Amino acid sequence: MRLLHYASRPDALRVPVDRVSVVASHALTEEPYEVDVATVPARIRKSELSARPGWFLHPGWVDLQVNGFNGHDLNRADLDTTTCLQVARELWREGVTGFLATLITAPTAQVRASLRTLAGAMRAPGEASTSLLGIHLEGPWISDRDGARGAHPAEHTVDPDIRLFDALQDAAEGAIRLVTLAPERPGSIAFIRALRARGVQVALGHTLASRDEFRAAVAAGATLSTHLGNGLPATLPRHHNPLLEQLANDGLAATVIFDGHHLSPALTHVTLRSKGIDRLVMVSDSVSVAHLPAGEYETAVGERVRVETSGRVSLGDTGYLAGSGSSLLDCVCFARQSLGLPWPTIARLAGTHPARYVQGRRGTTRSWTLIREREAGAVEVAATVVEGRVVHVNEAVWNEKQRSR
Ligand SMILES: [Zn+2]
């Protein structure tokens, strides 16, 4: 039997060639597609045959908010190229074909150094750099108030200053694609206009802005709320609060963390209803301890975080969420199993909608996530294809397919 060797994988997986093709249903259009991941580039084309039940081909999943994963931390002070590329490889197993490396508020010198490292990683040869679609800068232009700032250190938050942004974008070699800021900080509105003029997307988050401030930010070009429903104090005024204002503002799409921890069932329902699917983007907001065993860990900035068996990640003894312990795949499973969302909807939330925010740099039209669903919500990634290259094949899924033939 001829074995296929995937050289891009560090563990050099070998899969029998005759097993790695299937007719899957396109998750958006529901048309049958023949998918063969034994070829380079992968052969993916419409088929006359009917799709095999439980197999779905998604436009590549894109995660706009990744702080780290499985022990690899993009926010550590001494970030290196290996870590950046390893996060990309880890995410292939989760079906993620592209992501924005997300840097949170930190001392300026550290942020600048990390941006240089990320820019270098994006230039590195190989497929891993292709998955690095750019950088999401979450801070330092956010609220310094407890609750709103979340796990961001208050002392390093600052008022917007386009000269600082330009210096950071310079260090990043133009790779900063998205900035999350709090529009109540002085100078925000002119700053948002300047970012948009530079082709950078603006999201609002970790904010206590008023109705008028949100409206002014949207008029200036902000289009997105970051992890809506989070980055907020535990208690809010019942009518006039930043959560309701963002839910009510039709100029704002929103990223949501569908991990079962970041939104209550009621808030999930209200968010789906008020934003509508067209204005929602699924993100993981995964942190370095995501997918590590339950226990206590010390982060690179010296904070103690607790990972629970459910995957919930909280900060020290505060109980506050400190990013998420989930991948985009976990969020997809939650959306499918607990929210009962249909595949065309999930394909938009995890694939085509986030891709809108990274268009223009590296296209995602040749990136695919092939999944197998045994029962509602029991989803496995069968293969991940980045820019036509097969970067991940889940041997167990294909062997199982062979047995069930
Ligand atoms: Zn955040």
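Select Glu387 first: in the hairpin of β21 and β22, which has two residues between the strands, this residue takes a positive phi near 50 degrees. Helices (H or I, at least four residues) and strands (E, at least two) are DSSP runs, numbered from the N terminus. The model is predicted: local features need a pLDDT of at least 70, side-chain atom pairs count only at pLDDT 80 or more, and totals for chains, interfaces and linings use all residues. Residues are numbered from 1 along each chain as its sequence is written.

β21 and β22 run antiparallel and are joined by four bridges; two strands pair if DSSP finds at least two bridges between them. Display Val385 next, and Val390 of β22 will be found opposite. β22 is largely enclosed by the rest of the structure, because four of its five residues are buried. A residue is buried if 20 or more other C-beta atoms lie within 10 Å of its own, exposed if 12 or fewer, and partly exposed in between, with C-beta atoms placed from the backbone.

**The two domains**

Colour the chain by domain. The assignment gives domain 1 (3-56 + 368-403) and domain 2 (61-356); such bounds come from an automatic or database domain assignment. Their C-alpha centres lie 29 Å apart. The contact between them takes 16 residues from domain 1 and 18 residues from domain 2; two residues are in contact if their C-beta atoms, placed from the backbone, lie within 7 Å.

Which elements give two or more residues to the side of domain 1 that touches domain 2? They are β20 (368-373), β21 (379-386) and β22 (389-393). β21 provides the largest share of this side, with four residues. By residue class, the side of domain 1 that touches domain 2 holds nine nonpolar, five polar and two charged residues. Here Ala, Val, Leu, Ile, Met, Phe, Trp, Tyr, Cys and Pro count as nonpolar, Asp, Glu, Lys and Arg as charged, and the others, Gly among them, as polar.

**A second hairpin**

Move to residues 32-36, strand β4, and residues 43-46, strand β5; the two run antiparallel, with four bridges between them. Six residues connect β4 to β5 in this hairpin. Select Asp36 and then Arg43, its bridge partner in β5.

**Gly139**

Centre the view on Gly139, in the loop between β11 (132-138) and α4 (162-171). Is this residue buried or exposed? Gly139 counts as buried, because it has 25 C-beta neighbours inside 10 Å. Leaving aside residues up to four places away in sequence, Gly139 touches Ile104, Thr105, His152, Thr157 and Thr180.

**The whole chain**

The chain has 11 helices and 22 strands, and its C-alpha atoms fill a box of roughly 65 × 45 × 40 Å along the principal axes. Of its 405 residues, 49% count as buried. Among contacts with a separation of 6 or more, 69% are between residues 24 or more positions apart.

Finally, colour by pLDDT, the predictor's confidence in each residue, from 0 to 100. The chain averages 91, and 93% of the residues score at least 70. Over residues 1-12 the pLDDT is below 50, and this stretch has 18 contacts in the model beyond near neighbours in sequence. Where pLDDT is low, the predicted coordinates should not be read in detail.
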